[in-house]
Every structure is written in C-alpha cells, then in structure tokens.
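Here's a quick briefing to read alongside the coordinates. Have the viewer open and take the topics in any order you like.

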There are 2 protein chains.
Amino acid sequence: MLSIERLREEIEKGIGELAFKREPFGLYEPIEYSMSLGGKRLRPVMCLAACSLFTDNYEKAMSAALAIEMFHNFTLLHDDVMDKADIRRNQPTVVAKWDANTAILSGDEMLIESYKLLAKTDCPAFSLVMSTFSETATEVCEGQQYDMDFETRDNVSLEEYMEMIRLKTAVLLGCAMKIGALIGGGNARDTENLYKYSIDLGLAFQLQDDLLDTFGDEKTFGKAIGGDIMENKKTYLLISAMQMANAEQKDELTKWLGDADAPREQKVAAVKAIFEATGAKKATEAKMEQLYEKAMMTLREMDISAEGKRFFADFGDKLMKRKR
Amino acid sequence: MLSIERLREEIEKGIGELAFKREPFGLYEPIEYSMSLGGKRLRPVMCLAACSLFTDNYEKAMSAALAIEMFHNFTLLHDDVMDKADIRRNQPTVVAKWDANTAILSGDEMLIESYKLLAKTDCPAFSLVMSTFSETATEVCEGQQYDMDFETRDNVSLEEYMEMIRLKTAVLLGCAMKIGALIGGGNARDTENLYKYSIDLGLAFQLQDDLLDTFGDEKTFGKAIGGDIMENKKTYLLISAMQMANAEQKDELTKWLGDADAPREQKVAAVKAIFEATGAKKATEAKMEQLYEKAMMTLREMDISAEGKRFFADFGDKLMKRKR
C-alpha cells in the first residue's frame, strides 16, 4: 500500500486536474479557490486507502475520492454562510472573500460537481456507491440541522450530541471508506466493518477537535483557543460539565454562559477550570479513548492483510496524536 | 396519451406520496411546504408526456419527473434567498416564512433528494439520464450566475440575454422532455428533436413571462405588474428599447432607470410607453413568435405519432396563450 503522504499527493494531483478556469468566472473561481485551500484531505485519502485494501488499482476510486472531497468543501461553503464564518484554514472563507450569494451558488454547483465526479466511477457496485453517497449527503444535512437546532435548546443530552456529530462529521469519513472498499471489490462484511471502524474513529476525531478547541496549544492549533467556549457551544465538554457540576460550579458556569460581555481571556480561563474541576475534561477524554479503542478492535477483527491493518492503525494513531 | 390535466394529477399524487414528515423537522418541513405549493408542474408533466410518446408505461418516468420538480423547487428556494424574495405563488417563500439558513440547508437537501429520486429510474439509458440531469443542473447554476452578473453590467446584449434565459429557464424543460423520452425508449434523433423543440418553447415562454410582467393584466397575472421595470431588470424589452430608442427616448429611459425614488405608477407607465414607442414591445413579441414557430416546425418534422404531435402542439399553444 502507498503511504498516506503518497496518497495525499495523488489526491492533490487529481484536484489540480479538475478544470474550473471557465466562464462564468463568478461561479467557478470560488470553487477553484475552495478546492485549492488544502486541508488534510483525510476523506479522499482514506477512500483510496480503503480501495487499495482490495485491489492494487487504487486509481479506480480516484473520481469517487474527489467527489467526497468536493462534497466536503461544498458543506464548508454553505456552513460558513450559515455560521457567518470569516476564516477557514487561515484563509478568508468564500462568503468573506466574495459574498453570501456567491457561496450559496458556487456551493450548489460543487454539490452537482460531486455527483458528476461520482458518476465517473466504473464498478459493478455502482448503484450501491451512489445510494451510499446520497444517504450520507442527507445525513450530513440532518447533522447540520441538529447542530443549528441545538443552539436554541437548553436540554441537549450527550446522546443527542454524539448523534449530531455522527451525522455532521463521522458519516462522511465512513462513506469515503465504504465507497472506496466497494469500488475496490470488498465484500459486504469487510465494507461494513470498515464503515464501523471509521464512524468510531470519526467520533473520536470530533471529540479530539472539541478538546483541542479548548485545551489545545494556540501555536500548533492554528487558530485562537476557546472559540467554542465564547460561543457557548454545546460540546461534549459543556454538556458533561453541566451534568457533573455541583451547585456552586453550576452557578458559576451559568453565570459565564449568560454574560455576553465577558472578556475573552477571563471567560475562557474560568470555563476551562470548570471543565477540569467537574471532571468534564476527563470524561471527554475517556469517551474519546473508548471510541478509539472500539475502532481499533473492529480493525483487528477484520479479515484484511496485516499491511492493511497496520496502515489503518497508524492512521488512527496519527489522528489521535494530532495537535491541530 | 393522457391529457395534460390527467398527467398533472399523476404528478400531484406522486408528490403527495413523497414522505417528508420526519425529524429533524427544521430540515424537512420546508421541503414539504415548498413541494406542496403547487404551480403549473410544467416540467414533470412534460417529462411524463415525452415518455409516453414511446411507451404506454409512462410511470417509468415518474421518479425522474419528480426529480426534475424537486430540482426546480430547490432552485426556487436558493434563488429566493439570493433575490431576497418574500412571495412566490401568492405564498410566503421559505426564506420569508423561516429564514435564510433554513432555505439554504433545506434547498441543499432537495438537491440531494432530486438525485435520490433520479437514481430510482430503471432503464437501459440510465447513465445518459444521469449525465443529462447533471449537465442541466450545472447550466441552471450558470444561468443564475449570469443573471446576477447582468445586474451590475451596462452592456448586456440581446444574445447574452437569450443565452442567460436559455440556461436559467429553458434547459430544465428541455432536460425534462429529453429524460422522459430516453426513459420511454426514444432514439437519439427523436430525443434531440424533442430537446430542440422544448428549448425554443422554453425561450418563448420566458419572453412571454417578461411581456406579462410588464403588459399583463394585474388581475389574471396574479402579481403586481411592473416588477421588472421597478428593478431595472435587463429583459429583452429593456435591452431592445435601449438599442432602438432615439436620443430623446434614450434620455428619458435613462432618467427613469436612474431615479431610485420614482413613484411606481408613474415609472411603470412611462417605461411601458417607451417600450411601445421604440418598438421594443413589438420586437419582443416578434422574437417570441419566431421561437414558437421554430418549435412548431421542429415538432412537425418529428417522427412521432399524430396524437403525440397534437399533444405537444396543444401544449405550446396553451403556453403561448396563458395570461399568468
């Protein structure tokens, strides 16, 4: 199997070959811009990797991998309009660089382009590939809807939060691997196991993201720490803290949540301290570990090559050790 | 062949059977609302009609017809966000009834749903059906982009305007008929002719729309006359008037276009008078007639049943005689 780095190079090459230098420029330039901003390319890389578990010809999954990356970037364009986000990957978002209408319409075209890329896939399981992609796309929209719904709700449970991040984040990684495996010729059992592995890993990844947003190192994280805290975002950390807090801690946390004018430094420091004192940080880390272990267990039980197992174990390991 | 009315009933029944009463309600309720608002259902009806030219089993095209209608309604949701439109079909738009984020996300889901519906199609030409749909979807986005670009341009030509409405309006009717014909088993020549017919008819339809917006009867048109005039919209009427006006007429027209505070009644009456005096109204009517005649000529030359020809001739005739 090729290394993650080599697969990423293949993906970058594939993205570079997508031609969006055409009229109307107002529609296609933002697509070119968004796709060229980089990022980890986790999903398309894992799509190719999953394919190469079952065939040497991993290029068979290239257009599907690009479809997944295109779809992912489409969601970013629209999410950034909905969240009024200015910065992504240290660069201005499309909505900030152009405007909301541009982000909406170019995003729409990216969703269409993702289906066009997917349609280039030539494999016996094509209709299953298509339905997996569409079902996942719907789940991602549902996840975004729950995420928005949670903003105005006071009683979000940990279970609801986990289900939201499953839909909004994990299923697309799962879809990438499942589709890659299907194109490679994996059987139903292997592809389902790979899906299970990547869902648990995706959930662990999101909890890691929440932890980094609050407890990460500003220098390596790449953006300001405490964004979730400042937005009162109902993460696993906050929901756990509310559940585990004693009366005094609860009062203090509630006070910070209700103080719209709280200075950033004080609020972030105080809420972090509460997350630690209540045990919410530990609970989040424990949940993340548990999901990671579950993913590794699924991996160990899979009927694939030792090399393949090592590849996906390394991948999970790297994901969990990341600092950004 | 079934009548247009009967086919429309079939479409309404099909739409009624789409189940969107599920969680998260914030995502699916606007879809249910948008799809239930009615409208002429031109595109899905013509998709079924085109299919039944080649087979008695027009139901084979039902899910594709619903996909087209779903796609059309998706574009309305997003267009209404971009245009900040409050009213559509005499009812509040999704963006007005809910908000922009809702219209964006539910619109996204509708685009995905349209692909899911299309994927239910079972026919030998499936991959051509898919690519026709996706190419058309891209063209519709390009048309919307040009439409927005034109707002800030002063030198839009009649050719550019015609190309914009071809992309924004006509190709989706063309796609509906072409896909219907493909599913029905029509050969390449027949489906291409049907496409040509519907593009010309779609262009005539849009010019008719422009004429009704300015010269229609308020009572039968269903909305206030003069919307395009008040927005200085660069329609065939306005572009022609600018080209055909003498110095005096040009000055007067330019004055009205530049007067942001002009009272509605005066501005509409004055610009209408200029459209008539310059011959722009006549030029638009002539262009519309010419396209309609071209569509009818294509139809006459087609190798389909006399009943089929009569059906599509009646359809074109009704479209041209409509008052709203």
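A residue is called buried here when its relative accessible area is under 20% and exposed when it is over 50%, with partly exposed in between. With that in hand, keep in mind that this is a predicted model.

**How the chains relate**

- Two copies of a chain are related by a rotation about an axis and a shift along it.

**Helix α16 of chain B**

- α16(B) runs over residues 306-321, and its 16 residues should span 22 Å at 1.5 Å a residue; the end C-alpha atoms are 22 Å apart, so the two agree.
- Which residues of α16(B) are buried? They are B:Gly308, B:Phe311, B:Phe312, B:Phe315, B:Gly316, B:Leu319 and B:Met320.
- Looking down the axis of α16(B), those buried residues fall within an arc of 165°, so they line one face of the helix.
- An α-helix has 3.6 residues a turn, so residues three or four places apart point the same way.
- Over on the other side of α16(B), the exposed residues are B:Ala306, B:Arg310, B:Lys318 and B:Lys321.
- As for partners, the buried residues of α16(B) pack against α1 (4-17), α3 (42-52), α8 (158-184), α9 (188-215) and α15 (280-301), which belong to chain B.

**Helix α13 of chain A**

- The buried residues in α13(A) are A:Gln249, A:Leu253 and A:Trp256. They cover an arc of only 60° around the axis, so they sit on the same side of α13(A).
- Turned away from that buried side, α13(A) carries exposed A:Ala247, A:Glu248, A:Asp251 and A:Gly258.
- The cover over the buried residues of α13(A) includes α12 (236-244) and α14 (264-277) of chain A.

**α12 against α13 in chain B**

- How do the axes of α12(B) (residues 236-244) and α13(B) (residues 247-258) cross, and within what distance do they come? They cross at roughly 140° and come within 8 Å.
- Angles over 145 degrees would count as roughly antiparallel, so α12(B) and α13(B) are classed as oblique to each other.
- From α12(B), the contact takes in B:Leu238, B:Ala241, B:Met242 and B:Met244; from α13(B), it takes in B:Gln249, B:Lys250, B:Leu253, B:Thr254 and B:Leu257.

**Backbone spots to check**

- A cis peptide bond links A:Glu23 to A:Pro24, with omega near -5°. A:Pro24 is in the loop between α1 (4-17) and α2 (25-36) of chain A.
- In chain B, the peptide bond from B:Glu23 to B:Pro24 is cis too, with omega near -5°, and B:Pro24 sits in the loop between α1 and α2 (25-36).
- A:Arg41 isn't a glycine, yet its phi is positive, near 55°. Look for A:Arg41 in the loop between α2 and α3 (42-52) of chain A, where A:Arg41 is buried, with a relative accessible area of 3%.
- B:Arg89 also has a positive phi, near 50°. B:Arg89 lies in the loop between β1 (87-88) and β2 (91-92) of chain B and, at 29% relative accessibility, counts as partly exposed.

**Two more residues**

- B:Val140 belongs to helix α7 (residues 126-151) of chain B and counts as buried at 8% relative accessibility.
- Leaving out residues up to four places away in sequence, B:Val140 touches B:Phe71, B:Thr75, B:Leu167, B:Lys168, B:Val171 and B:Leu172.
- A:Ser305 is in the loop between α15 (280-300) and α16 (306-321) of chain A; at 38% relative accessibility, A:Ser305 counts as partly exposed.

Technical notes: Residues numbered from 1 in each chain as written. Chains lettered and ligands numbered in written order. Predicted model: local features only at pLDDT ≥ 70, side-chain atom pairs only at ≥ 80, totals over all residues. Heavy atoms only, no water. Helix = DSSP H or I, 4+ residues; strand = E, 2+ residues; numbered from the N terminus. Expected span 1.5 Å × (residues − 1). Buried < 20%, exposed > 50% of the residue type's maximum accessible area, 1.4 Å probe, protein only. Arc of directions from axis to C-beta. Contact = heavy atoms within 4.5 Å. Axes fitted to C-alpha atoms, helices over the stretch in contact; angles between N-to-C directions. Parallel < 35°, antiparallel > 145°, perpendicular 65-115°, else oblique.
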